[in-house]
Amino acid sequence: DIKKREDEQKNNRPQDSVFGGKLYYLRVRDYSTDGKYRNDFYIIEPKARKIRVKSPYPGIVGKKFDVVDKDVVVIGEKKSATSVQHYLVKLDGETLVDKQYGSDEIFWRGFVEVRENEIYAILNKNGTFYLGKFDKDLKLLQRSEVALHEDTFFSFHEDTIYVNGADRKIEVLNRSDLKSAGNILP
């Protein structure tokens with residue numbers, strides 16, 4: 001029974017990077033000496049093998065994007081006269097123009113994951129890292145009570161999320177409130 005359900009999930013999975021009939025593609029433009037990816041973002045017409053739209057937003061630094069409400073969420077930088085900070089950035093799903101910025105600093109080397117219109121990303125609070133859950137308007141809903149290792153992946157299983165704690169234990173978080181449900185010592 002489990003094997004049958006796993007096979008159905010694999011076979012009925014949507015194609016990676018295709019949302020609303022559009023093929024979105026994140027291309028690494030370069031890799032800077034400070035360790036940041038500089039990326040370009042496109043909508044590609046796969047049958048014609050042509051670029052339909054290139055995002056005019058030059059500040060995409062994250063390694064992953066996701067889609068919420070027909071818009072694309074990336075990790076991007078915002079420069080001021082004295083610093084560079086990183087935030088969730090929403091790109092219009094048709095024009096790829098940056099149209100909304102979050103207000104919480106995000107770890108620039110992290111990931112963006114959307115589950116049921118909730119956006120997950122790694123928060124950077126003065127050099128301490130947490131899992132953040134955001135609404136589709138990029139407003140922080142909750143953050144994990146447990147500090148995380150900044151390069152963590154996150155894996156979802158039913159009502160829990162598995163992440164690497166700052167101490168390298170595997171932390172299990174309740175998805176509903178991001179509170180600790182225990183940990184696993186490898």
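E113 counts as buried, at 15% relative accessibility; buried means under 20% relative accessible area, exposed over 50%, and partly exposed in between, with a 1.4 Å probe and protein chains only. The model is a predicted one, in which local features need pLDDT of at least 70 and side-chain atom pairs count only at pLDDT 80 or more, while totals for chains, interfaces and linings use all residues. Residues are numbered from 1 along each chain as its sequence is written, and side-chain values use heavy atoms, with hydrogens and water left out.

E113 forms a salt bridge with K64, with 3.2 Å between the closest N and O atoms. A salt bridge here is a side-chain nitrogen of Lys or Arg within 4 Å of a carboxyl oxygen of Asp or Glu. K64 lies in the loop between β4 (50–54) and β5 (66–68) and E113 in strand β9 (residues 113–115), so the pair ties together parts that are 49 residues apart in sequence. Strands (E, at least two residues) and helices (H or I, at least four) are DSSP runs, numbered from the N terminus. K64 counts as partly exposed, at 27% relative accessibility.

Strand β9 also belongs to an open sheet of 4 strands, in the order β9-β10-β11-β12, with antiparallel pairing. Two strands pair if DSSP finds at least two bridges between them. β9 and β12 (140–143) stand at the edges with a single partner strand each, so one side of each has no neighbour in the sheet. From one strand to the next the twist averages 35°, where axes are lines fitted to C-alpha atoms, for helices over the stretch in contact, and angles run from 0 to 180 degrees between N-to-C directions. Within this sheet, β11 (residues 128–134) and β12 run antiparallel and are joined by 3 bridges. K133 stands opposite Q142 in β12.

Both K133 and Q142 are among the residues that R175 touches, a list that also includes R115, Y120 and F156 and does not count residues up to four places away in sequence. Contact means heavy atoms within 4.5 Å. R175 is found in the loop between β15 (170–174) and β16 (180–184), and is buried, with a relative accessible area of 13%. Its side chain makes a polar contact of 3.4 Å with the side chain of Y120. A polar contact is a pair of N or O atoms within 3.5 Å; within protein, one must be able to donate a hydrogen and the other to accept it, and residues adjacent in sequence count only if both atoms are side-chain atoms.

The whole structure holds 16 salt bridges. Side chains of opposite charge can pair when their charged atoms come close. In one of these pairs, the side chains of R29 and D40 meet at 2.5 Å, N to O. R29 lies in strand β2 (residues 22–31) and D40 in strand β3 (residues 37–45), so the pair ties together parts 11 residues apart in sequence. R29 counts as partly exposed at 33% relative accessibility, whereas D40 counts as buried at 6%.

R38 and E77 are both buried. A network of salt bridges links K36, R38, E77 and K79.

Strands β7 (residues 84–91) and β8 (residues 98–101) pair in the antiparallel sense over 3 bridges, and K90 stands opposite Q100 in β8. There are 6 residues between the two strands, and L96 takes a positive phi near 65° in this hairpin.
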